[in-house]
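Here is a friendly walk through one protein model and the ligand that goes with it. Have the structure open beside you as you read.

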Amino acid sequence: MTSLLILNGPNLNLLGTRQPEVYGATTLAEIEIQCQDKANALGIDLQFEQSNHEGVLVEAIHGARGKFDGIILNAGAYTHTSVALMDAISSADVPVLELHLSNIHARESFRHKSYIAPVAIGQICGLGPAGYLLAIEGMVTYLGEKA
Ligand code: CA2
């Protein structure tokens with residue numbers, strides 16, 4: 001059975017509780033429910049994680065090797081700073097799809113740089129929580145085409 005890991009980075013645990021004008025009113029727990037429903041409908045296995053710690057995210061990527069077929073990564077602000085996450089993805093041998101709720105390219109210039117993008121299979125951004133569901137579909141399609 002296809003198995004996916006959705007990995008969420010710093011501050012995404014605050015979704016729906018602060019700054020709804022930027023990130024919307026949906027909580028991360030509600031997004032997880034929607035993702036698990038999508039996974040059930042597609043007949044795949046899905047693990048959903050969040051951490052505020054860079055090293056925990058690095059270790060989750062290391063641990064995905066041989067366990068998950070693909071990773072959907074919303075690295076939060078580490079997207080724009082983390083060579084460590086980039087190196088972890090490069091060595092993981094697991095395809096990573098970069099995901100953001102907001103359109104990082106339409107925001108402050110420091111958000112235009114992504115250390116994840118060069119080592120990801122692609123990027124979804126600007127579609128809010130719906131992006132998570134599209135990312136699952138996109139990764140399943142990618143894995144099916146590769147098989
Ligand atoms: O748009 C995204 O998904 C981001 O990854 C979200 C990050 C941001 O640093 C990236 O540039 C784009 C920030 C997540 C913070 O989430 C919060 C949610 C509610 C209240 C405060 C922060």
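Asn74 sits in strand β3. Keep in mind throughout that this is a predicted model. Is Asn74 buried or exposed? With a relative accessibility of 3%, Asn74 counts as buried, because the cut-off for that class is under 20%.

Setting aside residues up to four places away in sequence, Asn74 touches Leu7, Asn8, Gly9, Leu12, Leu99, His100, Leu101 and Tyr132. Asn74 also reaches the ligand: an N or O atom of the Asn74 side chain is 2.8 Å from a ligand oxygen atom.

## Around the ligand

Which residues come nearest to the ligand? Of the 17 residues around it, these are Asn74, His80, Leu101, Ser102 and Arg111. Two histidines are worth a look here. His80 has a polar side-chain atom 2.7 Å from an oxygen atom of the ligand, and for His100 a polar side-chain atom lies 2.9 Å from a ligand oxygen.

His80 belongs to the loop between β3 and α4. At 12% relative accessibility, His80 counts as buried. Beyond residues up to four places away in sequence, His80 is in touch with Ile104, Phe110, Arg111, Lys113 and Tyr115.

## The annotated binding site

An unreviewed UniProt entry gives the annotation "binding site" to Asn74, His80, Asp87, Leu101, Ser102 and Arg111.

## The annotated active site

For "active site", UniProt (again an unreviewed entry) lists Tyr23 and His100. Although spread over 78 residues of sequence, they cluster in space, with a largest C-alpha distance of 10.1 Å. The lining of the largest pocket includes both Tyr23 and His100.

The two residues can be taken in turn. Tyr23 lies in helix α1 (residues 20-23) and, at 26% relative accessibility, counts as partly exposed. Leaving out residues up to four places away in sequence, Tyr23 touches Leu15, Leu101, Ser102, Arg107 and Arg111. His100 is in strand β4 (residues 96-100) and is buried, with a relative accessible area of 4%. Among the residues that His100 touches, not counting those up to four places away in sequence, are Asn74, Gly76, Thr79 and Gln123.

Where is Leu15 found? Leu15 is in the loop between β1 and α1, and it is buried, with a relative accessible area of 5%. Apart from neighbours within four places in sequence, Leu15 is in contact with Tyr23, Thr26, Thr27, Leu28, Ile31 and Leu101. From Leu15 to Ala25 is 10 residues in sequence and 7.1 Å in space, C-alpha to C-alpha.

In α3 (residues 54-64), the buried residues are Leu57, Val58, Ile61 and Ala64. Why do they line one face of the helix? Seen down the axis of α3, they fall within an arc of 120 degrees, so they line one face. Just after α3, Gly66 takes a positive phi of about 80 degrees.

In α4, the buried residues are Leu85, Ala88, Ile89 and Ala92. Viewed along the axis of α4, these fall within an arc of 100 degrees, so they too line one face of the helix. What covers them includes α3, β3 and β4. Just after α4, Asp93 has a positive phi of about 65 degrees.

Note on methods:
Residues numbered from 1 in each chain as written. Predicted model: local features only at pLDDT ≥ 70, side-chain atom pairs only at ≥ 80, totals over all residues. Heavy atoms only, no water. Buried < 20%, exposed > 50% of the residue type's maximum accessible area, 1.4 Å probe, protein only. Helix = DSSP H or I, 4+ residues; strand = E, 2+ residues; numbered from the N terminus. Arc of directions from axis to C-beta. UniProt positions renumbered as here; feature names shortened; annotations may be inferred. 1 Å grid on protein atoms, 1.4 Å probe; cavity = no way out; pocket = protein on both sides within 12 Å on 5 of 7 lines; lining within 4 Å. Contact = heavy atoms within 4.5 Å. Near = heavy atom within 4 Å. Polar contact = N/O pair within 3.5 Å; in protein donor to acceptor, adjacent residues only side chain to side chain.
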